[in-house]
Amino acid sequence: MSKLFPWRHLTRQAQNTLYSKIPSIPSLSFIKIPHFLFHSQPEEEDFDPPFSPTLKPRKPNKKKKGEKKQNASSTEDCEKVHNFTVNSDLPFDYRYSYSETNPAVEPIGFREPTRFSPFGPGRLDRKWTGTSAPRLQSGDLEKVAEERRLVLGEPLSEEETAELVEKYRHDDCSRQINLGRGGVTHNMLEDIHSHWKRAEAVRIKCLGVPTLNMDNVCSHLEDKSGGKVVYRHINILLLYRGRNYDPKSRPTVPVMLWKPLAPIYPKLVKNVADGLTFEETKAMRNKGLNAPPLTKLSRNGVYVYVVDKVRVAFETEEVIRLDCTHVGTSDCKRIGVKLRDLVPCVPILFKDEQIILWRGKKDEEQNSGS
């Protein structure tokens with residue numbers, strides 16, 4: 001560096017010599033010579049801030065005895081939390097969704113290993129089978145029903161019900177839970193009990209595919225939570241906790257840490273519908289695609305009256321079409337499954353978010369038999 005910047009190390013004698021050689025010109029007396037040309041550091045030190053050596057790294061402070069104990073205790077707490085097991089005594093099998101799954105239909109495959117429990121490793125005393133966590137022992141159903149009756153207490157009078165409904169039925173209610181495409185999920189039970197700590201009832205707003213069968217939603221809410229549906233208007237429900245509900249003694253609901261992947265179920269639509277030939281099935285599909293839509297369904301909408309519309313339409317039509325644009329392919333298939341069981345009917349095609357339903361030959365067989 002001394003070769004690159006020799007002026008940085010000029011001695012004081014050299015500065016005086018350089019200053020004496022500068023001619024004194026009266027006309028240039030106003031010119032000021034920069035101060036840094038004559039400023040130097042002692043000869044013994046090489047002071048150059050931009051290129052000065054870095055400071056030595058500081059040694060880490062020694063940990064005190066108290067800190068070691070605290071760190072050890074924190075690791076022990078983490079191990080305890082990791083090994084914590086919830087003793088689940090609820091009298092039903094744990095599933096991700098109770099209202100949108102049918103335990104009678106077994107999957108033909110899984111998209112993830114069944115050993116990965118959504119409750120986390122070592123967090124539940126039940127074994128995860130890929131679709132549910134079955135209860136260990138068959139409990140006494142009569143005893144469970146009696147305990148629920150004690151919690152609910154005497155039925156509400158008309159005045160008490162009207163007061164409760166007026167308090168919680170409005171859209172600006174802070175005690176509201178939204179029920180979406182997942183239906184009555186397992187983690188929703190924990191949300192209900194959390195609201196019941198500070199409120200007598202919770203408002204539930206239902207949207208999407210579960211609204212096709214509101215009776216199923218109400219039955220699962222009452223069965224899994226232990227409450228009572230005291231108000232129902234289209235897709236709005238009011239779930240009452242009971243007169244003798246005690247938040248301190250409420251059941252423990254283990255929470256699912258993630259949503260499990262849906263298993264693989266048998267194919268919904270067959271290449272050839274039952275009771276028809278291949279050519280007849282093809283003709284039915286073309287007829288349905290060219291028919292005007294019975295109704296148009298919106299994404300995450302309210303489908304309470306769809307089942308009745310389909311039943312009425314099948315009195316005069318053999319094939320109908322439902323326009324499900326922007327609803328989604330997965331929701332279209334769920335709608336088709338529910339309509340197949342509720343109407344009943346036969347879904348013969350899902351194409352471009354259009355559902356084609358065939359009423360089947362049941363009516364003709366009944367007429368011929370009579």
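Modeller: Side chains of opposite charge can pair when their charged atoms come close. In this predicted model, Lys 338 and Glu 100 form such a salt bridge, with an N to O distance of 3.5 Å.

Colleague: Where in the chain do Lys 338 and Glu 100 lie?

Modeller: Lys 338 belongs to helix α9, residues 329-342, whereas Glu 100 sits in the loop between β1 (94-95) and β2 (132-133). The two are 238 residues apart, and the pair thus links distant parts of the chain.

Colleague: Is Lys 338 buried or exposed?

Modeller: Lys 338 counts as buried because its relative accessibility is 14%, and the cut-off for buried is under 20%. Glu 100, at 24%, is partly exposed.

Colleague: Which residue forms a salt bridge with Arg 181?

Modeller: The partner is Asp 331, and the closest N and O atoms are 3.4 Å apart. This pair also links distant parts of the chain: Arg 181 is in the loop between β3 (176-179) and α5 (186-196), and Asp 331 is in helix α9, 150 residues apart. Asp 331 is buried at 5% relative accessibility, while Arg 181 is partly exposed at 33%.

Colleague: What separates Asp 331 and Arg 334 in helix α9?

Modeller: About one helical turn separates them, because they are 3 residues apart in helix α9. Arg 334 is partly exposed, with a relative accessible area of 34%.

Colleague: How many salt bridges does a search of the whole structure find?

Modeller: The search finds 14 salt bridges.

Notes:
Residues are numbered from 1 along each chain as its sequence is written. This is a predicted model: local features need pLDDT of at least 70, side-chain atom pairs count only at pLDDT 80 or more; totals for chains, interfaces and linings use all residues. Side-chain values use heavy atoms; hydrogens and water are left out. A salt bridge is a side-chain nitrogen of Lys or Arg within 4 Å of a carboxyl oxygen of Asp or Glu. Helices (H or I, at least four residues) and strands (E, at least two) are DSSP runs, numbered from the N terminus. Buried means under 20% relative accessible area, exposed over 50%, partly exposed in between (1.4 Å probe, protein chains only).
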